[in-house]
Amino acid sequence: MRERLTILSAGAFFALGVVGAFSLDAVTSHRERIAGAERETRNIAALVAEQSRQLFASADQTLKAAILVRNEWVSDPARTPESGYRMIRALEGSSDFISQIVWTDASGKVQVSSATDRPPPLDMSRHAHFQFHVDRLGGGLYISAPFRGQVGGAWLIVVTRRIDTADDVFVGVAAGAISPAYLERMLERFHLAGNVNISLFRRDGRYLSRFPDAQKNLGLSRASGRLFGEKLPFAPSGTFHAASTSTGEERIFSYRTLEGFPLVVSVSMTRATALAPWHNRIRITGMVTALALLGAFLAISFLWRQSTRVRRQERIAQEARFAAEHASRSKSEFLAHMSHELRTPMNAVIGFTEIIRKEVFGPIGSPKYQEYLRDIALSGQHLLHVVNNILDLAKVEAGKWVMEETTSDLRMLCESTVQMVRERARSAEVSVSIAPNAPALSLRADQRLVRQILINLLTNGIKFTERGGRVTLWWALTPQGGVALSVSDTGVGMTEQDRRSVLEPFGRGSAELARTRHDTGLGLSICRQFIEMHRGRMEIESELGRGTTVTVTMPPERVTVSHAVAAA
């Protein structure tokens with residue numbers, strides 16, 4: 001009986017210790033992850049606030065310069081609207097943030113516009129961005145809420161400054177237009193870097209810009225929200241947790257006001273996004289905990305059964321002796337049968353352990369040990385790459401892949417992908433570069449698939465290029481308006497027969513060369529499947545001994561030229 005109590009007590013203490021350690025780790029790591037997400041949103045809010053402050057400061061400087069130009073124009077007895085147009089037009093060309101600069105008189109009528117040499121018949125006297133300055137000396141820069149322009153219906157934000165005479169008499173305003181799309185593109189860059197939602201507000205709660213979903217929120221007000229009702233009146237910056245007003249999901253918010261301007265930046269991240277690494281950690285530690293508890297349960301069960309058997313043997317000596325002899329024979333047969341299977345791996349483990357323990361090749365940190373570790377890492381990475389390729393190929397061929405299309409900057413996508421293979425290229429002593437004169441484009445596609453295509457093509461180029469060679473990534477618009485992305489290398493090249501075979505699953509070029517380069521024959525086949533899912537095509541140009549160029553072409557409907565987007 002005492003033996004059973006001892007076994008149960010030991011098992012209970014072990015289980016409590018494992019569960020306690022798991023719980024403590026879960027609580028601690030949860031707190032750390034939430035604190036890390038809060039810190040991340042605060043840092044992004046500070047960066048966005050500074051970037052926005054610089055943009056609006058430049059707009060303010062442009063309007064100040066416009067006022068000086070206007071005073072110079074007014075002092076010219078021979079002034080005409082045409083001469084004013086030339087002066088203000090030159091000023092507008094110096095800024096890519098502000099456009100359509102105008103001067104008005106004290107009644108709000110436009111005197112000179114940078115858009116035309118003949119003043120348009122516009123009256124700004126009823127607009128808030130004019131009325132703000134009428135009776136307010138030294139009001140500074142006024143930033144309007146977004147509204148649709150009278151010409152073309154495009155969204156505009158108007159910034160204005162008061163124009164005074166030398167004795168502070170109001171004589172008009174200088175105004176300029178800002179496109180919310182410019183602000184949206186700025187916010188998008190920070191969104192891609194941190195997977196967060198970013199909003200730029202006026203102090204009255206009206207949206208100036210947002211990413212994502214900018215068009216749905218332009219001009220709307222969030223003045224009744226928690227940020228403007230409970231937080232901003234008491235602190236110019238901070239962090240809080242609240243439910244999203246649009247989706248209801250719990251988010252982590254950080255906000256910051258812009259120094260010198262009546263604007264507020266808000267950055268938010270869903271708790272699900274913030275806790276995704278924590279959930280992954282809990283899944284792993286939970287599995288380890290479950291395995292430990294299962295092992296403890298099995299061990300206790302085994303010991304319990306052993307104890308029961310011993311007691312039974314004590315009660316019936318003869319039967320116990322027979323059972324012990326039978327068990328002994330079974331155990332001997334089992335160990336004899338399993339001897340080789342158990343000894344071989346254990347000898348390997350013990351042998352390598354002894355080599356490292358006795359420092360046969362030198363102290364810990366010896367290049368020989370580093371070589372072992374490198375070989376293990378490379379083998380593991382190669383096996384993972386093969387398994388991932390097989391799974392991806394099977395998923396695509398079964399029609400189970402769900403496309404998740406987003407619009408992204410092509411150069412940023414290519415640069416981040418090249419950075420992922422940079423270490424492999426450095427190890428192979430192969431240079432990898434992106435053509436600097438490639439056009440600025442946006443691509444609507446499944447970003448993961450496009451990245452995998454580029455990784456496979458770049459990896460193949462590095463793999464089949466000798467030391468000192470180079471791999472180049474470049475792209476260009478096709479005559480039809482699509483985009484052709486090409487990866488060129490100075491490697492071993494292929495024959496015509498090789499070019500046909502490498503596009504099939506597990507198809508490889510020269511068998512001997514493929515073995516020496518550890519090629520599975522899956523990379524180009526997967527690339528072709530992925531590009532065809534985007535209704536594109538893949539072409540291979542190669543010459544044995546001269547190198548290979550693989551070109552994937554995206555159709556025109558997936559391509560947006562950046563300058564066209566900006567003009568819109």
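**Close-up 1. Glu423 and Arg426 in helix α11 of the predicted model.** Both residues belong to helix α11 (residues 422-428), where they stand three residues apart, about one turn of the helix. Glu423 and Arg426 form a salt bridge in which the closest N and O atoms are 2.5 Å apart. Glu423 is partly exposed, with a relative accessible area of 48%, whereas Arg426, at 51%, counts as exposed.

**Close-up 2. The salt bridge between Arg53 and Glu50 in helix α1.** The two side chains meet at 3.0 Å, N to O, and because Arg53 and Glu50 are three residues apart in helix α1, about one helical turn separates them. Arg53 is partly exposed at 26% relative accessibility, and Glu50 is likewise partly exposed, at 34%.

**Close-up 3. The salt bridge between Asp25 and Arg281.** Here the side chains of Asp25 and Arg281 meet at 2.5 Å, N to O, in a pair that links distant parts of the chain, with Asp25 in helix α1 (residues 2-74) and Arg281 in helix α7, 256 residues apart. Asp25 is partly exposed at 21% relative accessibility, and Arg281 is partly exposed at 40%.

Notes:
Residues numbered from 1 in each chain as written. Predicted model: local features only at pLDDT ≥ 70, side-chain atom pairs only at ≥ 80, totals over all residues. Heavy atoms only, no water. Salt bridge = Lys/Arg side-chain N within 4 Å of Asp/Glu carboxyl O. Helix = DSSP H or I, 4+ residues; strand = E, 2+ residues; numbered from the N terminus. Buried < 20%, exposed > 50% of the residue type's maximum accessible area, 1.4 Å probe, protein only.
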